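Dear colleague,

Please find below the structure that I am handing over to you. My notes on it follow directly after.

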Amino acid sequence: MTALLSLTTVSKRFRGVVAVDRVSFDVPEGMLFAVIGPNGAGKTTLFNMIAGAMAPDTGTIAFAGQPIGGLTADAVCRRGIARTFQLVRPFPALSVEDNVVVGALLHRRSVGAARDHAHALLRRLDLFDRRRQLAATLTLPDRKRLEVARALATGPRLLLLDEVMAGLRPTETDRMVGMLQDLNRDTGVTILLIEHVMRAVMALAARILVLDHGVAIAEGAPESIVCDPAVVQSYLGAEAV
Amino acid sequence: MAAIVARLTGDVSRRTMIWLAALFVALVIAPWLVSDYLVTVLILILYLAYTGQAWNIMMGFAGQLSLGHAIYVGLGAYIAAVLFTRYGVGPWFGFLAAMPVAAACGAVIGFLAFRFGVTGIYFAILTIAFAEFARIGFDHLDIVNAAAGLFLPVAQYAHNDPWRLRGSPTMFYYVILAATLAAFILCRALITSRIGYFWLAIREDEEAARAAGIDTFRYKMYAVTISAAVTSFAGVFYAFFYNNLFPEQVFNISQSIQMILGPLIGGVGTLFGPILGAFVLTSLAESLNSALTAFGLDLPGAEQVFYGACLLFVIAALPEGIWPRLARALGIAERVP
């Protein structure tokens with residue numbers, strides 16, 4: 001199987017600090033892949049480089065066989081990578097529906113067709129009944145799902161989810177996990193997630209990469225990761241699953 | 001054609017259509033019902049409604065604050081006036097010449113700002129700077145008579161000539177009414193289209209818009225060029241209505257400010273706000289002037305103080321403008337906030 005996303009010795013430094021240090025990994029098409037690690041491990045920096053929010057200093061990022069390192073965020077999205085933000089950023093004064101319509105218009109000329117597509121996604125993410133509300137009035141769990149809906153509306157092959165479970169209650173987490181599993185199974189979209197909530201990671205991910213101080217210290221299936229002494233030492237600690 | 005009409009009126013309620021139709025009919029018959037003086041007040045109102053609508057494309061839709069829109073009025077006015085006085089070119093062809101120049105000027109300002117990441121208040125200052133460059137530049141430009149001003153020949157016209165924009169105030173009233181209606185329909189078409197959705201996304205959160213795949217540079221360029229092109233017609237109208245042009249007046253920052261008061265008071269980003277704001281503000285200011293005259297008071301600057309007071313009141317009491325509140329009261333709220 002060829003990789004949909006492939007990172008080769010990608011590094012990023014901010015002044016003296018090496019945020020991401022020669023990280024390499026492959027995400028095969030259709031996989032649910034998780035990146036975990038303690039705060040400050042470089043997860044969001046890694047994400048920002050893939051999503052085009054910042055360019056890597058060295059190394060290559062390839063998507064579907066094409067180099068994308070250094071492209072702008074909108075160009076990356078048009079290639080087929082959609083992201084959510086760790087701190088959710090819906091368009092507050094637009095309705096829930098219009099938020100998703102904006103995403104759906106990326107590959108559609110007609111507003112009517114975009115609206116139909118948005119409705120389908122809102123149903124899938126349980127937001128259809130709230131579609132006329134302003135996005136600013138949604139609760140946090142709803143806003144998180146709205147971010148996912150807007151990202152999905154752009155028709156990505158790869159979905160980047162930045163701590164989409166953070167701040168959710170366990171029942172909400174389970175609901176989101178279920179939705180993402182359904183999504184992956186039904187549409188075949190590849191999902192790369194950064195996550196702190198181990199409960200969600202263990203339920204979702206087929207493969208996990210562990211970052212610590214910008215370095216990839218382990219990569220493998222969930223069962224092997226939780227037993228990895230280096231991972232337990234640096235990250236999971238006493239609260240290991 | 002039918003498809004376009006269907007899209008424009010698609011989610012407009014019957015109630016809204018009735019209100020709009022009633023307002024339009026009232027405006028069409030108004031010149032027969034009111035005095036000549038009130039017709040000139042109505043012209044001023046519609047002029048400000050038109051320019052407010054044009055400015056709103058940039059600020060209300062795409063979130064880019066321009067405080068120098070006088071530059072597009074001035075370019076429209078001067079180009080049409082020079083072509084008319086020197087070469088006998090009529091105002092409509094003059095507009096065809098002025099529109100691309102104004103659009104190109106907007107594109108240059110937009111390119112400099114958006115390419116180099118000048119945003120928010122710094123962008124607003126850049127737009128003021130360009131309008132000031134133009135004011136000072138035209139003040140020294142001999143081809144337009146520099147500071148001495150440019151005058152269009154004024155004569156008594158036996159009949160109205162809309163083709164050459166020579167005639168009575170009533171004719172000018174219908175011209176600006178048609179322009180305001182056209183701008184209203186254009187804005188409605190824009191905001192219900194793909195480009196409009198992308199503008200709103202950029203206005204709401206530019207980084208999130210980029211993450212949704214929107215080439216924000218390109219869509220901001222569209223906003224500034226379209227807004228500039230639409231504004232330039234106001235300049236053509238200005239030149240032929242007032243028949244005299246001075247750089248000190250037409251490029252003055254007070255022009256730019258007056259243009260944005262209507263949408264600010266009526267509701268930034270709404271379709272009807274600029275029109276309502278122009279009506280409310282101008283009619284109140286004119287009433288104030290009449291009252292002061294009736295009492296024999298001569299207070300220079302009273303109008304400006306009054307505008308300031310209105311603005312303060314709206315910012316404090318109705319931060320989203322008068323129109324969203326009124327629309328809810330009438331049960332005809334616009335879809336786009």
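**The sheet of chain A**

In chain A, β6(A) and strand β7 (residues 158-162) run parallel and are joined by three bridges; strands (E, at least two residues) and helices (H or I, at least four residues) are DSSP runs, numbered from the N terminus. Within this pair, R83(A) stands opposite L160(A) of β7(A). Please note that this is a predicted model, in which local features need pLDDT of at least 70 and side-chain atom pairs count only at pLDDT 80 or more, while totals for chains, interfaces and linings use all residues. Residues are numbered from 1 along each chain as its sequence is written, and chains are lettered from A and ligands numbered from 1 in the order in which they are written.

Both strands belong to an open sheet of six strands with mixed pairing, in the order β6-β7-β8-β3-β9-β10 (chain A); two strands pair if DSSP finds at least two bridges between them. At the edges lie β6 (81-83) and β10 (215-220) of chain A, each pairing on one side only. From one strand to the next, the twist averages 20°.

β7(A) and β8(A) pair in the parallel sense over five bridges, and D162(A) has I194(A) as its bridge partner in β8(A).

Five of the five residues of β8(A) are buried, that is, 20 or more other C-beta atoms, placed from the backbone, lie within 10 Å of their own. T190(A), L192(A) and I194(A) point one way from the strand, and I191(A) and L193(A) the other way.

**A helix pair in chain B**

Helices α3 (residues 36-61) and α10 (residues 216-242) of chain B pack at an angle of about 170°, their axes 9 Å apart (axes are lines fitted to C-alpha atoms over the stretch in contact, and angles run from 0 to 180 degrees between N-to-C directions). α3(B) and α10(B) are therefore roughly antiparallel, the term for angles over 145 degrees.

**Where the chains meet**

22 residues of chain A are in contact with 19 residues of chain B; contact requires C-beta atoms, placed from the backbone, within 7 Å. On the side of chain A that touches chain B, α2 (73-79) and α3 (96-104) of chain A each supply at least two residues.

Yours sincerely

Key
Two residues are in contact if their C-beta atoms, placed from the backbone, lie within 7 Å. Angles under 35 degrees count as roughly parallel, over 145 as roughly antiparallel, 65 to 115 as roughly perpendicular and the rest as oblique. A residue is buried if 20 or more other C-beta atoms lie within 10 Å of its own, exposed if 12 or fewer, and partly exposed in between; C-beta atoms are placed from the backbone.
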